[in-house]
Amino acid sequence: MPAEAKVDIGARSATPPLTERQEARRRRILHASAQLASRGGFDAVQMREVAESSQVALGTLYRYFPSKVHLLVATMQDQLEHMHGTLRKKPPAGETASERVAETLMRAFRALQREPHLADAMVRALTFADRSVSPEVDQVSRQTTAIILDAMGLADPTPAQLSAVRVIEHTWHSALITWLSGRASIAQVKIDIETVCRLIDLTEPEEKPQVKPQGPREKP
């Protein structure tokens, strides 16, 4: 079983932890957002409808999520968290780290493929996000990183390995965009993901050759 990556998924900078009641309310909001997006994509997610569906006041909804983009990016992080749990129950079976990561990302991709309207809404929100949405975008990035590191079986990656992970993340998100826009087939996405995952092989730390201890030198 791959080691769990040491990535702080739950960190929310300068934000106090939510109470149990607040967390339950937040979960209802995210569920309502995902349901509406699944039915009609980005345009179907209207803040007033989300508030009504999740049984919270509109003002309360805006305190949790200042805009639809904030909400949908947070919804993407929530969906990735659910995927991560599913992936941990059935880890990838590839022999190498690059094979396991490629398998993992394609499984996550196919999960999004089953909900194309939801995937489109979340990816569009991620594309539209400005600096005000940085905390939510960071959560998505941390969650994606944790998924990849778990597939690699790494708890303490090197800087070179983290750099490879970032490039893989960028490629995965770009592949989602090109597929959603109809500019790439699933087969093309698979090839691109498998290709970029080979970067992992290039960042494997080299084993230092063991120096054989020398015995005492013989006197001439």
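Before I turn to the first residue, a word on terms: helices (H or I, at least four residues) and strands (E, at least two) are DSSP runs, numbered from the N terminus. What we are looking at is a predicted model, in which local features need pLDDT of at least 70, side-chain atom pairs count only at pLDDT 80 or more, and totals for chains, interfaces and linings use all residues. Residues are numbered from 1 along each chain as its sequence is written, and side-chain values use heavy atoms, with hydrogens and water left out.

Let me begin with the whole chain. The protein chain has ten helices and zero strands, so that reading along the sequence gives the pattern α-α-α-α-α-α-α-α-α-α. It has 220 residues, of which 42% count as buried, where buried means under 20% relative accessible area, exposed means over 50%, and partly exposed is in between, with a 1.4 Å probe and protein chains only. Among contacts between residues at least 6 apart in sequence, 76% join residues at least 24 apart.

Now to helix H4, residues 68-89, where we find Thr 75. Thr 75 counts as buried because its relative accessibility is 0%. Leaving aside residues up to four places away in sequence, Thr 75 touches Leu 30, Ser 33, Ala 34, Leu 118 and Met 122.

Two packed helices are described by the angle between their axes and the distance between the axes. H4 and helix H6, residues 116-128, pack at an angle of about 120°, with their axes 8 Å apart; here axes are lines fitted to C-alpha atoms, for helices over the stretch in contact, and angles run from 0 to 180 degrees between N-to-C directions. H4 and H6 are therefore oblique to each other, given that angles under 35 degrees count as roughly parallel, over 145 as roughly antiparallel, 65 to 115 as roughly perpendicular and the rest as oblique. Their crossing is left-handed, a term for the near helix being turned anticlockwise from the far one by less than a right angle, with clockwise giving right-handed.

On the H6 side are Pro 116, Ala 119, Asp 120, Val 123, Leu 126 and Thr 127, which meet His 173, Leu 176, Ile 177, Trp 179 and Leu 180 in H8. This contact has eight nonpolar, two polar and one charged residues.

Next, helix H2, residues 47-54, in which Met 47, Val 50, Ala 51 and Ser 54 are buried. Seen down the axis of H2, these buried residues fall within an arc of 100°, so they line one face of the helix; the arc is that of the directions from the helix axis to the C-beta atoms. They pack against helix H1 (20-40), helix H3 (58-64) and H4, while on the other side of H2, Arg 48 and Glu 52 are exposed.

Most residues other than glycine have a negative phi. Gln 55 is exposed, with a relative accessible area of 68%.

Arg 39 in H1 is exposed at 63% relative accessible area, and although Arg 39 and Pro 116 are 77 residues apart in sequence, their C-alpha atoms are 9.6 Å apart in space. Glu 103, in helix H5, residues 97-113, is partly exposed at 29%, and its C-alpha atom is separated by 8.4 Å from that of Glu 194, 91 residues apart along the chain.

Methods
Contact = heavy atoms within 4.5 Å. Nonpolar A, V, L, I, M, F, W, Y, C, P; charged D, E, K, R; others polar.
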